[in-house]
Amino acid sequence: MSDRLNRPMGRREMLEYCKCGFGSLAFMGMLGGMVSACKPSLKQPSPGQILDRLSQTPHFIPKAKNVIFLYMDGGVSQVDSFDPKPQLAKENGQDPKFKVDATQFNNNGKILMSPWKFKNYGECGMPVSELFPHIATCVDDMALIRSMVSNFPEHTNANYFLHTGSGLQGRPSMGAWITYGLGSENSNLPGYVVLNGGLIPPGGVDNFKNGFLPADFQASMMKVGDEPVANINPYAAENTSQRDKLDFIQKMDQGRLGHLGSPSDVEAAISNYELAYKMQSSVPELTEFKAESEATKKLYGLFDEDPNTRNYGAQCLMARRLVERGVRFVELTCPMVGGSVDRWDQHSNLKDGHERNAHAVDQPIAGLLKDLKSRGLLEETLVVWSGEFGRTPFAQGSDGRDHNPSAFSMWMAGAGVKGGTIFGQTDEYGYRVVENPVSIHDLHATILHLLGVDHNHLTYHFGGRDIRLTDVHGHVVKAILT
Amino acid sequence: MLFIFGACGQKQDNIHLVDIPENVDFNFDIKPILVQKCYLCHGPDPSSREADLRLDIFEGATARLESGNAAIVPGKPGKSELLKRIGHSDTEMRMPPAEMNQELTAREIALLKQWIADGAVYEPHWAFVPPKKKQDDIGYPESATEAIDALLAMKLQEQGLQPSGKADKETLIRRLSFVLTGLPPTQEEFEGFLADKETDAYERLVDSYLASPQYGERWARHWMDVVRYAETRGHEFDYVIQGAWRYRDYLIRAFNEDIPYNQFIKEQLAGDLLESPRFHPENETNESILGILFYTMGEGTHSPVDTRKDESDRIDNIIDVTTKSFQALTVACAKCHDHKFDPIPTADYYGLYGILEGTRFSPVPATTPVMVAQTIEEANRLKAYIREELGSNWKVDAYDEKVPVQLTAFNSNITNSSSTMVLGDFRGQDLSGWKSDGKAFGPKSTLGNPVFLPDSKRLAKLDEGKASSRYYSTGIFGVLRSPDFVVDKDYIGVRARGHKGTIRVVMDNFQLIQYPIYGGMSQSVEDEEWKDLVFDIGQWKGHKAYIEVLPGNYQQHRYIQQEKDYVEIQYAISFDREWQEPPLEVPKASFDLYKVIKNWKIYQSNPEEIISLNKFLSKNGNITIPANLKDAVQKLDVLTQQVKDSLYFSGVTDGFKIESPVFVRGNHLELSTDLVPRSFLPGITGSNPAIGSPGSGRMEMVEAILAPGNPLTSRVMANRIWHHLFGRGIVETVDNFGLQGKLPTHPELLDYLAISFQDNGWSIKRLIRSIVLTEAFQRATLADGKVQDKDPENHYLARYPVRRLEAEAIRDAMLAVAGNLDTAAFGPPVKVHLTSFMQGRGRPGNSGPLDGDGRRSVYVEVRRNFLNHLLQTFDFPTPFNSFGKRDVTNVPAQSLMLMNDPFVIHQAEVMARNLLTYPDADYESRIRRIYQRLFSRNPNTEELGSALAFVQASNHNSALSLQEMMDNEAVWKEYCHALFNVKEFIYLM
């Protein structure tokens, strides 16, 4: 099947695939009910039959094989990071001259200028604030979108929306959609991994779940520590080895299989044990950084004085190791910076909070981009940096900023992304988008596009509808693509 | 059979035969093609219709098109444009368009051609035609069980399938036990059944399982999947849904008591509106009302900035779950446009929306005593009696008769200006059109109520007018709620007093009122002196709202009302700048004392009359109570003590009639000008298209669901039951009977079940009993190769299907076989065990016990953001929508869990310890015991041999004696753990 990755696929070919091949779950989903017309039994595949989800074939030539999603939990302030607004300095301390929407706290104060200076970087001359001196060195690989909009000013709704395309709880996460569509390339590791740096975003693990998709596609949570994945450490029996036990189990199962009429799902459950067994050894191999050079570790900030930088650096390095091994979708959550400045949600103390959060992630992210690039991995890996919304250009209280879904900045780098691009524009305050608004659905459509998947055709039938990650919306942001 | 030539698949050049049935059936052969391949552009939804052609109705399909042709010309395939287009050689012309990826197969084209040749007869969707016994003329066997087998046999014969023989007794008891109770049979049950050689042994076993308390625990959980059962609201902080677990207990009792399904529906949708509710068998509290927790199982948003949007999301979820649960329809699809496949116009969605918008969320007392209505009635009678007796006793002297009292100024100098609006005034006799929910506020204001001194011997005064939660006494639950109004002023003002009472402005039915945005919408009433409470609501102009006055208060969104808590209000206003006390509208006062007293006796006083009466009373010393009244006063006290409330759950209550506009394309900011009358799917259920009720209209909704002509209600539930007994419904899509749902494999059987279900008084147990007694249910899972080849998916049930047990059954079985199962029933949930992977906001401070205290899984807490890890790994559904059918996945996390999870290891250890307490003489008897517990059978020779080898492997150099080995907990722990991992343990056959 892998040779198919290298060339576009015609409609006829796809149809043939559906009718005669049946190796591909994704197509069953994409083509919806058509499956029933093809299969003699009139039965859609039951989730239990989803056994082989390796390298499903995309719609067209993909640019990216994997995604690393750097989730900036809480909402980075656009006017303090990637969208400089000199007007704020001019009107600093004055009442906003524009209509202010209701905000989460409705404690809206005066215009608040950015405490940080901006400088132009790279050949493209992209302005970046002092918050991100390391990421600033990578701007020629980054496409910046300054015109992001979300539908929700509340963390949880906005988190669900960014992660699942719906503001409600319980919908499949984009990582789940992507592994459902494309599978994983490593049979010993899950296709969708969330590296938990300490903070699970508001809305909880439902941000990472499979929703109505089969559980095969939910995120596997990994964290730093003795047990990186739930139940991954082999139970140390007192008087028998796990291998012996598994052999015994295998023998019992095989002996009984005939009595059950050898149903395929029981056979699959038996073989599942071997996969689990292999995972037990491949995970420790993955989390072990011994093979990494000192230089690499330094690049990621693993020797930094700030434990949060070391923590996030380790996650970034792990992310590289995961995509190296073919894991399709990796998301990093934010480190627990501590106290009242957890994540980017600075309703007060903007300066302190943003600085500490930026310091935790800046060098590790730049390290990741550079490391991926030097290894040739950036060509096939899409790195996505985004929060769930932005922040207000006016103060909350005196020194904070409230949530702002009407405009925020995000960037992508790597596979298929036109480096050094700036797309979209906000008003002179950075409060609202005035040009080329990009919705969350558009972002999803673009990510799927880079992976070779047409967002209109990645569907799953649930509750009487063929449901998409992008609902009934979404346009690929072509301007930032190579 | 008719054979025609066709090609399947583009690359397959080999032409092969395609067979189509002799009688092409519209519902089974044609409609699935039209739905799947044509309706998206040529279906019921006009907004996406192309070429003005609709193929979902005969008139549309045969209408003349722009080209002058008709898509379908009945009886004339050659003239039918549809056939030309679907088989067109030019891909530009071919339908469906290439980009749809919906090309028709040769068989489909042949079917359409045949159907058109036969006259292109359209028939209504099978599920929308009421079930009928098709074979009335032939007659069914007397017993339902035989009838079911006969209907199944018909299909088997048609398909040429030879059914398997009967399963052995070991298999049967395990199957029956898991299916009916969710637990493996105990060793005693196992031995008893095997030894029972009577012919009715199986039947008696069925009855004993149906009668066991565990039956309800199993079947309640099935229903909990359907209604998105959860005990917290999820979202950011995962707040608790107060008393949610009472609904779980309610379900368990309902299934165990075999409450008729029609009653069960009534209680969940309108349990608060029933005139004669059911009562709890022991506590004699209102049982029916617990059903309404059905509505409040949804998620709840923390501080949504747009409450209108939030309300529409809440209601959408209720519409979705209600119509799926009871009707297996996907009405929520009609939110933004007419349903693309089913005959459900958008108007139907908003007809239902109005019913739910007029339903208000409210705390509800959880343990209302059986006699409360009568007690309150009695109290009202006593109160009237006291007035009558008191008034008759008052001596009116002649010179007093006409003496007018000094009129106190009721701020008559303040005019009712346009900047102030009176929302409610309770200084008069009535409650100003507000709703007195519950009992606390009584039917009237307190105006003129006699206030007695504590000794009950003397009258202190007649009370001033106010709405009071102490109308009878404190400690009684009740809420006073205003009608809905639109916020158009900057402030709301309420004159109130009380003790720990609460006044809330509920905007768009939004309940989770709190900081940061909505903190000001709720104020506590702490002062026993009258205070003017001001609510700053200027920024919410245009929103719909109502005011609610509660004697208790909310703590973490849980309603709490202590014995001493109360609240009283005089009036509520909305205003822009300045608080202005509204003038009392005083009708012409009567100063004829006889008349005043007469008015007072019949609760018709106005405030001035009461002032005059009070003056008169104090002046004339008419304050001593006649002896015959003392008893009545004391009795009133005693009575009101009997209706005290203390425990609450999150429920609903009826508000006022609301008709909703259509949200254009589902957008809550874009509303149609016309309002949609309330209705419940009139097109499908044939019910009233315009409900007139002054309340929410929920009762009318229930009537539509339970109307004899409703084609779905009975079928849908019969199918759910079948699904749980055989692992697949007769209609596989148990939550969708619409046009996109699967067709029934046995339509006559489904109709038969639906009708006998109703005929048998909607008894779920009787239906289950008749099915598990069938031969089909008792068949072996093994089939000969021919059956396997002909019906690989086992649609025709020539054999019993093998399937994996549900998450709960796996966990419960582990507890049971280990000897660690605590069968205690009911009560607050066992706190969920938190692993290090369960993180995030709202995480409980303490983890629950690893083994859930040995309680059955149905009693383990269902926190939306922190679901039990073991259950979740084995496909416990995410509780956001109806999941009548669970996924069965096969993921490494499941193997890892059974291999390594501390819970599993712990159960193996407990089991080993438990085994050691039995005086088994040797390995073989112990292994036999283990096999009986885990697999409900005895090991065969080979398995015994392997077991011995496994156990002996840890006896290095045979250093330990047999007894030492038998007493060696570690050895048996490892063996049990290994067997937990054998597939047979988690599969049902």
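**Working through the model**

Reply: We may begin with Asp853(B), which sits in the loop between helix 25 and helix 26 (869-873) of chain B. Please keep in mind that this is a predicted model.

Me: What is phi of Asp853(B), roughly?

Reply: Phi of Asp853(B) is positive, at about 55 degrees, although the residue is not a glycine.

Me: And how many other C-beta atoms lie within 10 Å of Asp853(B)?

Reply: There are 15 other C-beta atoms within 10 Å, so Asp853(B) is partly exposed.

Me: Is Ala120(B) buried or exposed?

Reply: Ala120(B) counts as buried, because it has 22 C-beta neighbours inside 10 Å. A residue needs 20 or more to be called buried.

Me: Helix 5 came up there. How do helix 1 and helix 5 of chain B cross?

Reply: The axes of helix 1 (residues 26-37) and helix 5 (residues 106-117) of chain B come within 10 Å and cross at roughly 120 degrees. Helix 1 of chain B and helix 5 of chain B are therefore oblique to each other. The crossing of helix 1 of chain B past helix 5 of chain B is left-handed.

Me: Which residues make the contact?

Reply: From helix 1 of chain B come Phe26(B), Asp29(B), Ile30(B) and Ile33(B), and from helix 5 of chain B come Glu108(B), Leu111(B), Leu112(B) and Trp115(B). By class, the residues of this contact between helix 1 and helix 5 of chain B are six nonpolar, two charged and no polar.

Me: What about Gly520(B), where is that?

Reply: Gly520(B) lies in the loop between strand 12 (501-507) and strand 13 (522-525) of chain B. Gly520(B) counts as partly exposed because it has 14 C-beta neighbours inside 10 Å.

Me: Which residues is Gly520(B) in contact with, leaving aside neighbours within four places in sequence?

Reply: Gly520(B) is then in contact with Phe535(B) and Asp536(B). Gly520(B) and Phe535(B) are 15 residues apart along the chain, and their C-alpha atoms are separated by 6.5 Å.

Me: Now the two chains. How many residues of each are in contact?

Reply: The contact involves 79 residues of chain B and 76 residues of chain A. Helix 27 (892-900), helix 30 (941-952), helix 32 (969-980) and helix 33 (983-986) of chain B each supply at least two residues of the side of chain B that touches chain A. Helix 27 of chain B gives the most to that side, with eight residues. The side of chain B that touches chain A has 29 nonpolar, 33 polar and 17 charged residues.

Me: What does Cys333(B) touch, apart from residues up to four places away in sequence?

Reply: Cys333(B) touches Gly464(A), Arg465(A), His339(B) and Lys340(B). Cys333(B) is in the loop between helix 13 (307-327) and helix 14 (346-357) of chain B. With 24 C-beta neighbours inside 10 Å, Cys333(B) therefore counts as buried.

Me: And chain A, how many helices and strands?

Reply: Chain A has 12 helices and 19 strands, and buried residues make up 59% of its 482 residues.

Me: Last topic: which residues have the most contacts inside the largest nonpolar core?

Reply: They are Leu70(A), Ala319(A), Val330(A), Leu382(A) and Trp411(A), in a core of 297 residues. Helix 25 (residues 807-818) of chain B gives the most to this core, with nine residues. Apart from this core lies another, of 43 residues, including Ala440(B) and Val479(B).

Notes
Residues numbered from 1 in each chain as written. Chains lettered and ligands numbered in written order. Predicted model: local features only at pLDDT ≥ 70, side-chain atom pairs only at ≥ 80, totals over all residues. Contact = placed C-beta atoms within 7 Å. Helix = DSSP H or I, 4+ residues; strand = E, 2+ residues; numbered from the N terminus. Nonpolar A, V, L, I, M, F, W, Y, C, P; charged D, E, K, R; others polar. Axes fitted to C-alpha atoms, helices over the stretch in contact; angles between N-to-C directions. Parallel < 35°, antiparallel > 145°, perpendicular 65-115°, else oblique. Left-handed = near helix turned anticlockwise from the far one by under 90°. Buried ≥ 20, exposed ≤ 12 C-beta atoms within 10 Å, placed from the backbone. Core = buried A, V, L, I, M, F, W, Y, C linked by C-beta atoms within 7 Å.
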